[in-house]
Amino acid sequence: MDVVMEYLDTFVFDSVYNRAAVLTSTEPLARNSLVRQSLSLFVFIYAYILAFYFGTAGLSYKLIYDKSQEKHPKFLPRQRFLEMACASRALPTITVMTIPWILGELHGQSLVYKDWNKYGYPYLFLSAAMFILFTDFCIYWIHRLEHHPLVYAKCHKLHHKWIVCTPYASHAFHPLDGYLQSLPYHMAVFVFPMHEYVYLALFAFVNVWSVMIHDGEYVANNPLVNGAAHHTVHHLYFNYNYGQFTTLFDRLFNTYRKPSHEIYDRSRRNSKDVQNAQAQAIDDALPSLEATAKARSVKKSQ
C-alpha cells in the first residue's frame, strides 16, 4: 500500500494538507503523521471500494446477471436498491476498522517486500497460491462460525436476507460481518512474505471474485472452484459451501453440497416449478434454523 500512498501524497494529498494548513494557519501534517495517514487512508480506501463495488457490480448486473432471477419468489421487492443501500451503510465502518492493518503495513510491520528478486520469481506464483489457500481456509472457518446460532442473528443474518442475490449483494452485509471476512486478506501479509504488486493485484481480484460469486451466472462447473453456483447453494440452503475460492475445505469438513443440474441450466432454473420448490425448501428450513438459534441463546443466558 505504500506505493499507492506515495503516488497519492505526491499528486493529491500534499496539496490538500498544505492548503488546509494555510486555511487554519498551522503547520502541514507530515507524511508520516498517523493522523494524516489515517485520514488519507480512509479517503482513499472508501473512495476505492465504492468505485470498485458500484463499477464492478454495475457492469456485472448490466452485462452478465440473469435478470430472470428477479422473478424468483424469494427475490425481495426493490432488492437491488436495498443491497446497494446496505453496502453503502456498511462500507464506511469497515473502512475505519481496516485502517490499523494498513498502518501496520505502511510502518514496516508486515512482510510485504519491494525487490522482485528477493525470493525469486517462482515464489511470486507460490505466494499467490498461498494467499488463496490461506484466505480460503480462514474465511471458511470465519464464515462457518458466523452461522453458529449464537452469532448468526447478530452478525451474518443480514447478508442472508438476500436469498436470491444480485451482484450488489456481494458487499451488502453487517459491518462486523464484512470486516471479519476481510480479515484474512490483511492477515496474510503478516504471516508470509508477498511482493507489494502481487498483493495489490490479489486485493483487486478478491473484490471482483466477491461480485462474481453473487452474479447468478454459473459459467464455472469445476468441482474444486467455489463459483457462483456453489455460493448460490449457500444462499438457498444456508449450511453448505462456506468456502470463498475453492470447495476444498467444504469437502474436508463435510459441508459441501454439489449444485443441482438445474442451477447450471438457465431455462430449468428459471422455471416456476424449480423456483417454487426452492422457495418451499427454504420456508421448511427456516423455522428449524430460527428455533435452534433461539434455544441455544436461551440456554446460554440461563
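# Exercises: helices and rings in a predicted model

Helix H2 passes helix H3 in a right-handed crossing; here right-handed means that the near helix is turned clockwise from the far one by less than a right angle. This is a predicted model, where local features need pLDDT of at least 70, side-chain atom pairs count only at pLDDT 80 or more, and totals for chains, interfaces and linings use all residues. Residues are numbered from 1 along each chain as its sequence is written, and side-chain values use heavy atoms, without hydrogens or water.

**Exercise 1. Describe the packing of H2 and H3.**

Step 1. Recall what is needed: two packed helices are described by the angle between their axes and the distance between the axes.

Step 2. Locate the helices. H2 covers residues 34–63 and H3 covers residues 79–106. Helices are DSSP runs (H or I, at least four residues), and strands are E runs of at least two, numbered from the N terminus.

Step 3. Read off the values. The axes come within 8 Å and cross at roughly 140 degrees. Angles run from 0 to 180 degrees between N-to-C directions, with axes fitted to C-alpha atoms over the stretch in contact.

**Exercise 2. Classify the ring pair Tyr-53 and Tyr-168.**

Step 1. Take the rule: rings of Phe, Tyr and Trp (its six-membered ring) pair if their centres lie within 6.5 Å; planes under 30 degrees apart are stacked, over 60 edge-to-face, the rest tilted.

Step 2. Apply it. The centres are 6.1 Å apart and the planes stand at 85 degrees, an edge-to-face pair.

Step 3. Place the residues. Tyr-53 is in H2 and Tyr-168 in the loop between H5 (149–155) and H6 (175–187), so the pair ties together parts 115 residues apart in sequence.

Step 4. Check burial. Both Tyr-53 and Tyr-168 are buried (under 20% relative accessible area; exposed is over 50%, partly exposed in between; 1.4 Å probe, protein chains only).

**Exercise 3. Which ring does the charged end of Lys-67 sit over?**

Step 1. The test: NZ of Lys or CZ of Arg within 6 Å of the ring centre and within 35 degrees of the ring normal.

Step 2. The ring is that of Tyr-61, with its centre 4.7 Å away.
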